[in-house]
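Hello,

Here is the structure you will be working with.

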Amino acid sequence: MKQLENSIFPLEDALEMILFFDAGGMITYGNHTAREKLEYGDALKGVQISDIFPNTFHLTEDRFTADISFGDKVQKLTAYRKNLTCFPVEAKVLCSRDCPNTYICMANDILEKEFLNKEIEQVRSEADEALKVKSEFVANVTHELRTPVNGILGNVKELLAEGTVGEIEPSLRLIERCCGDMNKIINNILDFSKLEAGKFTLEPRRFHFRNMLDYVKSNQINKITEKGLDFFMTVSPQIPEYIIADELRIVQILGNLISNAQKFTSIGKITVEAVQTASVNDKIELFFMVKDTGIGIDDKDKEKLFQSFSQVDASISRKYGGTGLGLNICKQLVELMGGKIGVESEKNRGSTFSFSIWAQVAQEDAVSAAQTLSCTIVPERGEEEEQELLNTRKYGTPKNLDILRKNLSKLILCVEMKNWEKAEMFMETVKQLTEGAPREVGRVVLRLKMAIQKENYDKIITEYETLDHFLQQKE
């Protein structure tokens, strides 16, 4: 026995309890940890193993029986101290290969572990309850907000429909726009709270895939083309005409990504592509790409994009607006549909957002030749086009000044027509095209933007003329 104790490893220093016992169930050795944990001290030798584990080991006339399997399998047991108090352990019992009729029990006290597990479970339960309360509160508040917003919006539309609003029409248009923005924010918060609480459910149904893309295109193309951008949409002929999926949420994801592309792109084009990448039984994987030639994103900032309430930096929210929820909602919706979302981008060279989803093909809908969308297949940008985009973004180049003048002309036209929403859109493009300009130009652009936001016509004309003077000097 001494040879066994000393030959394997220093048992006395082991952190787990180690007990040797014979075929009669009598303990012949217990290490320091076992003697302390079981509170027998040196008297542990000679104690029956059934006294330590009465629920597991039972004595017969000359042997013991055990309700436990011997080997490397770890099992939960209850160990009893000398004072008959007990504690849980994780143990395994082995038959000694070197000493016949000798058994080894190795056990770890897991009382602290189980206590911590209970505390963790309680904290998790409290957190889940707090999340539930918060989600319900957010849902109730947003529903309550929607009622007065829709009430204001409805009355404003009635007044505009009457056509007798006269001088107050610009103010009513501004109220109408603000109500629309507020409804978008409310919808985002509602979607986010449902997703966070795990109460969001998809509503798959059969729909015409290409009609869905046409709908997305018709909703986005006006804003994109008004900004002077090209817009292309392509679809793979392998995609069936009809699929079964949540059409509303696919539209929501594409709409969000295209809106972001339009928001952060001042020159160039936006391209949407849809292809089928896999097919398993009656399921297909659809892969979408939304490409732009916008401001791009640094590698270090990409991980922030899909986090809730997060944007690349604080200035993004000030410049372009938004709650920072849109991409996080897109990510969760894509994952609910069995896919993934990602981005490839380079600062000042544009971005490509891509996502995949799984959809079902109805049995009666065989894969057929795709109908042609009102779009063309767009080749990748070549080196010349890349250089042209860079030259356009660089303040002071002939291409930059030409596009800058065109956007300023559109801006002033919108101001004359009191279309302040579009004026702000062109102002943002002007701001992007003057990045890197001398400080005095930057100051004029900032003052012009503030004047447009305040709808101060006289101030707008003054700052426009000042900016025009700088551009003439540059030419």
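Helices (H or I, at least four residues) are DSSP runs numbered from the N terminus, as are strands (E, at least two).

This is a predicted model: local features need pLDDT of at least 70 and side-chain atom pairs pLDDT 80 or more, while totals for chains, interfaces and linings use all residues. Residues are numbered from 1 along each chain as its sequence is written, and side-chain values use heavy atoms, without hydrogens and water.

Among the buried residues of α5 are P170, C179, I186 and F192 (buried: under 20% relative accessible area, 1.4 Å probe, protein chains only). Their cover includes α4 (111-162) and α12 (420-433). G198, with a positive phi near 70 degrees, follows α5.

Helix α6 (residues 209-226) bends by about 40 degrees at Q220 (the angle between axes fitted to the seven residues ending there and the seven starting there). Q220 is itself buried, as are F209 and M212.

F209 and M212 are also among the residues touching the most other members of the largest nonpolar core, which has 47 residues (buried Ala, Val, Leu, Ile, Met, Phe, Trp, Tyr and Cys joined through side-chain atoms within 4.5 Å). Helix α7 gives this core its largest share, seven residues. Apart from it lies another core of 28 residues, including L408 and V430.

Regards

Key
Buried means under 20% relative accessible area, exposed over 50%, partly exposed in between (1.4 Å probe, protein chains only). Contact means heavy atoms within 4.5 Å.
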